[in-house]
Amino acid sequence: MPRGRLRVYLGAAPGVGKTYDMLAEGQRRAARGTDVVIAYVEDYGRPLTRRMAEGLETVPRRTMSYRGCSFTEMDLDAVLAHHPQVALVDELAHTNVPGCRNEKRWQDVEELLEAGIDVISTVNIQHLESLNDVVEQITGIRQRETVPDDVVRRADQIELVDMSAEALRRRMAHGNIYPPERIDTALANFFRTGNLTALREIALLWAADRVEEALLRYRHDHGIQQPWGTRERVLVALSGGPEGDTLIRRAKRTASRGAGGEFLAVHVTHDDGLASASPRLLARQRALVESLGGSWQTVTGGDPAQAVLAFARQVNATQIVIGATRRSRLKGLFSRGTGETIIEGSGDDIDVYVVTHSEAAHGRFLHRHRPREEG
């Protein structure tokens, strides 16, 4: 039996409309004749959300007792027995009451997917495990319910439900998110404009990275070699020399000039296994790259220039930063250096920037990529 498909509605905060959109998608599919059930939806008493659920079949919840209190959870076995084409399962990061078969709801969802049932679910960005510390630093609130990032990343579709901080605060003030007695407290704490703006940026960037992953897969699957400049991606090529710190900082500044820009560092090791750079120096430069928010990659190849170019096209780089040559004048008369080869092989789709530094041969053999003519 083929595995079911997972669709996740991702939001920056409660109230942006994830559950509403999930139910709306369920209604659209049901109208087309698809067997859709509500496996678990939490509407928090919101009238618009509750109305959107009307007409959809609901699998009754299972009542659980824990420490003298009654709780309701998704009845996983009942949903599996019904075996709908699509199950709507709210709050992917939810922790189940002790006594349930699985500790977390995302594990319940995994069972549904394995049974061949398509699942549509919801999650807020603050519930992703890797962002837990960042969210606590911003909001002062520790999220106790989390879901592993990979669970959401593996989703077949991720839909970002976006709303500005101001619009979300208005929605809160109008009583469309929390009951009246909670509104003032929420607006003064978690729903402060700064908090919501930061969470929104995190959600947008996280979603953009997932779109980028999908784009890279598409280019790979379709054999597309030339980079697509959807965002500035600056690749700094490091030989392991002392000029590396200068190149890294220049690459970071270049990437920061554009919104959403990023930078990567690559070091090429010889395929004969012989070390050509100081491991201590490389470790220090790697730490610098990561401290500046970049990513470090090591590739193996017999021709460093060709290895850098191949990697640049693989990661959809738009710019390559290299250091000015340190070769002597005599050596330059008889052979081309790595920098010259990278410049010649970059073509019209990758810009190459040659950075001068104190370790270069006085900058005498500086070659720059010819600027593109403005059309």
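This is a predicted model: local features need pLDDT of at least 70, side-chain atom pairs count only at pLDDT 80 or more; totals for chains, interfaces and linings use all residues.
Student: What is the strand order in the open sheet, and what is the pairing sense?

Tutor: Strands of a sheet pair through backbone hydrogen bonds, either parallel or antiparallel. Here six strands form an open sheet in the order 3-2-6-7-1-8, and the pairing is parallel.

Student: Which strands stand at the edges?

Tutor: Strand 3 (57-58) and strand 8 (157-161) do; each has a single partner strand, so one side of each has no neighbour in the sheet.

Student: How many bridges join strand 2 and strand 3?

Tutor: Two bridges, in the parallel sense, join strand 2 (residues 36-40) to strand 3. V37 stands opposite E57 of strand 3.

Student: Which strands does helix 4 touch?

Tutor: Helix 4 (residues 105-114) packs on the sheet and touches strand 1 (6-11), strand 2, strand 6 (86-89) and strand 7 (118-124). The direction of helix 4 makes about 175° with that of strand 6.

Student: Turning to cavities, how many of 30 Å³ or more does the structure hold?

Tutor: The structure holds one cavity of 30 Å³ or more. About 40 Å³ of space lies in the largest cavity.

Student: Which residues line the largest cavity?

Tutor: The lining consists of A12, A13, V16, M163, S164, A165, L168, L196 and R200. Helix 7 (165-173) and helix 9 (193-221) are the elements that give two or more residues to this lining.

Student: How many residues of each class are in that lining?

Tutor: Seven are nonpolar, one is polar and one is charged.

Conventions. Residues are numbered from 1 along each chain as its sequence is written. Side-chain values use heavy atoms; hydrogens and water are left out. Two strands pair if DSSP finds at least two bridges between them. Helices (H or I, at least four residues) and strands (E, at least two) are DSSP runs, numbered from the N terminus. Contact means heavy atoms within 4.5 Å. Axes are lines fitted to C-alpha atoms, for helices over the stretch in contact, and angles run from 0 to 180 degrees between N-to-C directions. On a 1 Å grid over the protein atoms alone, a cavity is a set of points where a 1.4 Å probe fits but cannot get out, and a pocket is an open set with protein on both sides within 12 Å along at least five of seven lines; lining residues have an atom within 4 Å of a point. Grid points are joined across faces, edges and corners, and a volume is the space filled by probe spheres set on the points. Ala, Val, Leu, Ile, Met, Phe, Trp, Tyr, Cys and Pro count as nonpolar, Asp, Glu, Lys and Arg as charged, and the others, Gly among them, as polar.
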